[in-house]
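Please open the model in the viewer and keep the sequence at hand.

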Amino acid sequence: MTTCTMIVDCGMLGERELTISYKYYRGFRGSDYDPEESESASIYWIKFGGDSGIEVDLPDDFITNEVIPHCVADYNGEADYAAEAHADQIKEDRRLAA
């Protein structure tokens, strides 16, 4: 389970921060028997005010069109950062070994 934050414009209330708990699902290429599926996320909860905040119920279309793509982008950003950090560590290890 992973969490991320998202800033949402709440009209007269101004911009508010949502904390989202989600699980990432990797997409896969289709075959003759299985259709192709894009990457997605399953939302566990959405709260105002961090992990200990108030859980909110948002419309399904907002979750589908805004929250899930944000979670996928968040996961991919973290995954890219981790891969980059690992590559940098390998370069540093090789430099020190030489």
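Two residues are in contact when heavy atoms of theirs lie within 4.5 Å. The model on display is predicted, and this meaning of contact applies to the selections that follow.

**The core.** Begin by selecting cysteine 71. Leaving out residues up to four places away in sequence, cysteine 71 touches Cys4, Ile20, Tyr22, Ala41 and Ile43. Now widen the selection to the largest nonpolar core, which has 15 residues. Cys71 is among those with the most contacts inside this core, together with Ile20, Tyr22, Ala41, Ile46, Ile63 and Val67. Two or more residues come from each of strand S1 (2-9), S2, strand S3 (40-48) and H1. Which element gives the largest share of this core? That element is H1, with five residues.

**The sheet.** Next, select the strands. Four of them form an open sheet, ordered S1-S2-S3-S4, with antiparallel pairing. S1 and strand S4 (54-55) are at the edges and have a single partner strand each, so one side of each has no neighbour in the sheet. In general, strands of a sheet pair through backbone hydrogen bonds. Turn to S2 and S3, which run antiparallel and are joined by eight bridges.

**Threonine 19.** Select threonine 19, which is located in strand S2. Is this residue buried or exposed? Its relative accessible area is 5%; because buried means under 20%, threonine 19 is buried. A polar atom of its side chain lies 3.4 Å from the backbone nitrogen of glycine 50. Neighbours within four places in sequence aside, the contacts of threonine 19 include Thr3, Cys4, Trp45, Lys47 and Asp51.

**A charge over a ring.** Select tryptophan 45 and lysine 47. The charged end of lysine 47 sits over the ring of tryptophan 45, at 4.4 Å from the ring centre.

**The aromatic pair.** Finally, select tyrosine 24 and tyrosine 75. The structure holds one aromatic pair. Why is the pair described as stacked? The ring centres of tyrosine 24 and tyrosine 75 are 3.9 Å apart and the planes are at 10°; planes under 30 degrees apart count as stacked, so the pair is stacked. The pair links distant parts of the chain, 51 residues apart: tyrosine 24 belongs to strand S2 (residues 15-25) and tyrosine 75 to helix H1 (residues 60-97). Tyrosine 24 is buried, at 17% relative accessible area, whereas tyrosine 75 is partly exposed, at 31%.

Definitions and conventions. Residues numbered from 1 in each chain as written. Predicted model: local features only at pLDDT ≥ 70, side-chain atom pairs only at ≥ 80, totals over all residues. Heavy atoms only, no water. Phe/Tyr/Trp six-rings, centres within 6.5 Å; stacked < 30°, edge-to-face > 60°. Helix = DSSP H or I, 4+ residues; strand = E, 2+ residues; numbered from the N terminus. Buried < 20%, exposed > 50% of the residue type's maximum accessible area, 1.4 Å probe, protein only. Lys NZ or Arg CZ within 6 Å of the ring centre and 35° of its normal. Polar contact = N/O pair within 3.5 Å; in protein donor to acceptor, adjacent residues only side chain to side chain. Core = buried A, V, L, I, M, F, W, Y, C linked by side-chain atoms within 4.5 Å. Pairing = 2+ DSSP bridges.
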